[in-house]
Amino acid sequence: MSSSTIQQDLMTLLNGMKQQQLAAAPVSSKVRKDRLQRSLKLIRENHKALAQAMNEDFGQRSLYQSNVADMVTTCKMLQHAIDHLDGWMQAEQTTAPDPDMRTEIQYQPLGVIGVISPWNFPINLAFGPLAGIFAAGNTAMLKPSELTPKTSELLAELVGRYFSPSELTVVLGDADVGQAFSGLPFDHLVFTGSTAVGKHVMRAAAENLVPVTLELGGKSPVMVAKHADLSKAVARTWTIKTFNAGQICLSPDYVLLPEEQRHAFKKQSIEFLAATFPSIQNNPDYTAIINERHYQRLLSLLEDARQKGAEIVNLGPSGEPAFDGNSRKIAPHLVLGASDEMAIMQEEIFGPLLPVCFYQEEAEAVHYINEHPRPLAAYYFGEDADAQQQFAQQTTSGALVINDVMTHVSIDELPFGGVGASGMGAYHGIHGFRQFSHAKPVVVQSEAGVSNLRLRAPYDDKLAAIDAFFNN
């Protein structure tokens, strides 16, 4: 199918959805809650099939991780929206300049929202945005990743079963379909993926002046302060670095560590991984790399770092290969003494490899973070409250988590989003509702119409008030 045919078919689909969205306005609380409840029902009733599809797409994906991150967390997001929707929909009263004038902000649906979701959490990163999209009264077109074909096909089948095409439609296809999708004149477009692809998506959306929410990634740092609890930092960093085999946009991408703690960090990492993953290759708790291309990319990052002087530490169990092309499983690795000339420090890793950079003074580590593109999250380990606050004030990131990693993403009251190269816009909870709404100011003029009268000619008798204003 030619690109022009794809574009035409998608435009026909979008135009039909826009017409039905307009005809159905206004969208009541009852309709919004029903869509959220059906989303919840879709996941609850099919969580086993969805987890199995993800397992097949990855070649091996922890069923526990799929259920926790893709299903349970997403259900909680949808339920949170249901529970709070009536309050979110209330107009926000504001202070008017005249006591007889009424002013407020009404939150109005934008229309039809496009969602391009990635492969690493194919349910969470599809229905997570949809929680805010449906709560705000919109409908949506969803383009899931072609890298998880079984999950995407099942998702399309289930959406067709639980939703009418005017509410939610799934568009399947490869990168050409994704490119055409990102060029559609949506009322808003949500993209979750890499910074490089995000630039293309934003450029395509700009042709139609489509506002975008970009959830990208980048290199989220872990800074370990000199007097931090090292065992806490090791355990909590590796817990997330090995979750989904590090294939998470919020995964810790590198560690800034006091040089004198090099051997202790290495020793404690070996001990922690031995306790949590006594086996890798035959362990159903350990997830495979999504495909051969990403598998080979990660191995090349390791080899490049080795050739450029880093100490590579395999944290997998002895007696097992560090990596296996058949399983596409790579054991966790430390890359000690990482530096900027290494490829592993120039791109988001998206795998179980953890570079460690050493510093002498903490100001040096903060400077390093600030000299690089702003990350989706920053993680700081240290017990001193003043130092924590200083780090928060001196660095800019999509989020900051102190003495843990990635905790913020499951707290619905907090916005989830990036800044600079790690993205723009945020959602989750009320922040998603507002992101996918138009905040429309409404003014009801007073009977006297004072603000109107002061603009009415002639002006001679009004100049004295102007003089009084500037001389006050």
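Which residues is threonine 287 in contact with, leaving aside its neighbours within four places in sequence? They are Phe58, Gln60, Arg61, Ser62, Gln65, Asn244, Ala245, Gln247 and Lys329, where contact means heavy atoms within 4.5 Å.

The model is predicted, so local features need pLDDT of at least 70 and side-chain atom pairs count only at pLDDT 80 or more, while totals for chains, interfaces and linings use all residues. Residues are numbered from 1 along each chain as its sequence is written, and side-chain values use heavy atoms, with hydrogens and water left out.

Threonine 287 sits in the loop between α9 (262–276) and α10 (292–307). Helices (H or I, at least four residues) and strands (E, at least two) are DSSP runs, numbered from the N terminus. With a relative accessible area of 1%, threonine 287 is buried; buried means under 20% relative accessible area, exposed over 50%, and partly exposed in between (1.4 Å probe, protein chains only). The side chain of threonine 287 reaches the backbone nitrogen of serine 62 at 3.2 Å. A polar contact of 3.1 Å also joins the side chains of threonine 287 and glutamine 65. A polar contact is a pair of N or O atoms within 3.5 Å; within protein, one must be able to donate a hydrogen and the other to accept it, and residues adjacent in sequence count only if both atoms are side-chain atoms.

**Backbone geometry**

Most residues other than glycine have a negative phi, and most peptide bonds are trans. Alanine 245, listed above among the contacts of threonine 287, has a positive phi of about 55° although it is not a glycine. Alanine 245 belongs to the loop between α8 (230–241) and β9 (252–258), and counts as buried at 0% relative accessibility. Leucine 209 also has a positive phi of about 55° without being a glycine. Leucine 209 is placed in the loop between α7 (195–206) and β7 (212–215), and at 76% relative accessibility leucine 209 counts as exposed.

The bond from alanine 25 to proline 26 is cis, with omega near -5°, and proline 26 lies in the loop between α1 (3–23) and α2 (29–58). The bond that joins alanine 457 and proline 458 is cis, with omega about 0°; proline 458 is in the loop between α14 (450–453) and α15 (463–471).

**Cysteines**

A search of the whole structure finds zero disulfides, a disulfide being a pair of cysteine sulfur atoms within 2.5 Å. For cysteine 249, the nearest cysteine sulfur is that of cysteine 75, 20 Å away. Cysteine 249 counts as buried at 12% relative accessibility, and cysteine 357 counts as buried at 7%.

**Cavity and pockets**

Rolling a probe the size of a water molecule over the atoms shows where empty space is left. On a 1 Å grid over the protein atoms alone, a cavity is a set of points where a 1.4 Å probe fits but cannot get out, and a pocket is an open set with protein on both sides within 12 Å along at least five of seven lines; lining residues have an atom within 4 Å of a point. Grid points are joined across faces, edges and corners, and a volume is the space filled by probe spheres set on the points.

The count comes to one cavity of 30 Å³ or more. The residues that line the largest cavity are Met77, Ala81, Trp88, Gly128, Ala131, Gly132, His428, Gly429 and Gly432. Two or more of the lining residues come from each of α3 (63–89), α4 (124–135) and α13 (429–435).

| Space | Volume | Lining residues by class |
|---|---|---|
| Largest cavity | about 50 Å³ | four nonpolar, five polar, no charged |
| Largest pocket | about 1400 Å³ | 23 nonpolar, 16 polar, eleven charged |
| Second largest pocket | about 460 Å³ | 15 nonpolar, seven polar, two charged |

In these classes, Ala, Val, Leu, Ile, Met, Phe, Trp, Tyr, Cys and Pro count as nonpolar, Asp, Glu, Lys and Arg as charged, and the others, Gly among them, as polar.

The largest pocket is lined by 50 residues, and Phe191, Gly193, Ser194, Thr195 and Val197 lie nearest its centre. Of the elements, α7 gives the most to this lining, with six residues. The second largest pocket has 24 lining residues, with Ala69, Phe121, Phe243, Met406 and Val409 nearest its centre. Its lining takes two or more residues from each of α3, α4 and α8, and α3 gives the most, with four residues.
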